[in-house]
Amino acid sequence: NVKMFIQKQKIINEFHMPADGRIYFFNQGLKHWVKNYSNHPRLHLIIDVHGQNELTFLEPITATEYAV
C-alpha cells in the first residue's frame, strides 16, 4: 500500500496511486513525498514534460486532505 502526499501551503493531500499501469501527473514544484507501507519494494518511473497541452485528457484522482 503506497501513498503519495502533496503539500500546498498548510494543506496536505494524500493520494493512493495503484500500480496498475496508469500514468500520474502532478505539480512537482509543490512539496511532495511517498510512503511505502507494504513489505514489497516498488519502482517508479519519472518523466519530465515541458508544457501541459497534451495532458488535458487525464482524469483527476481523489485525495484525502489534512490541515497542518
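**View 1. Lysine 8 stands opposite isoleucine 11 in S2.** This is a predicted model, in which local features need pLDDT of at least 70, side-chain atom pairs count only at pLDDT 80 or more, and totals for chains, interfaces and linings use all residues. Residues are numbered from 1 along each chain as its sequence is written, and side-chain values use heavy atoms, with hydrogens and water left out. S1 and strand S2 (residues 11–16) pair in the antiparallel sense, over six bridges. Two strands pair if DSSP finds at least two bridges between them. Strands (E, at least two residues) are DSSP runs, numbered from the N terminus.

**View 2. Four strands make up an open sheet.** Their order is S3-S1-S2-S4, and the pairing is antiparallel. S3 and strand S4 (64–67) are the edge strands; each pairs on one side only. From one strand to the next, the twist averages 25°. For such angles, axes are lines fitted to C-alpha atoms, and values run from 0 to 180 degrees between N-to-C directions. Strands of a sheet pair through backbone hydrogen bonds, either parallel or antiparallel.

**View 3. Glutamate 14 and lysine 3 meet in a salt bridge.** Their side chains come to 3.5 Å, N to O. The cut-off is a side-chain nitrogen of Lys or Arg within 4 Å of a carboxyl oxygen of Asp or Glu. A search of the whole structure finds one salt bridge. The pair links distant parts of the chain: glutamate 14 belongs to strand S2 and lysine 3 to strand S1, 11 residues apart. Glutamate 14 counts as buried because its relative accessibility is 15%. Lysine 3 is also buried, with a relative accessible area of 18%. Buried means under 20% relative accessible area, exposed over 50%, and partly exposed in between (1.4 Å probe, protein chains only).

**View 4. Phenylalanine 5 and tryptophan 33 form a stacked aromatic pair.** The rings lie 5.5 Å apart, centre to centre, with 10° between the planes. Rings of Phe, Tyr and Trp (its six-membered ring) pair if their centres lie within 6.5 Å; planes under 30 degrees apart count as stacked, over 60 as edge-to-face and the rest as tilted. The structure holds one aromatic pair. Phenylalanine 5 sits in strand S1 (residues 2–8) and tryptophan 33 in strand S3 (residues 31–36), 28 residues apart. Phenylalanine 5 is buried, at 8% relative accessible area. Tryptophan 33 counts as partly exposed, at 25% relative accessibility.

**View 5. Lysine 35 lies over the face of phenylalanine 5.** The distance from the ring centre is 5.9 Å. A charge sits over a ring if NZ of Lys or CZ of Arg is within 6 Å of the ring centre and within 35 degrees of the ring normal.
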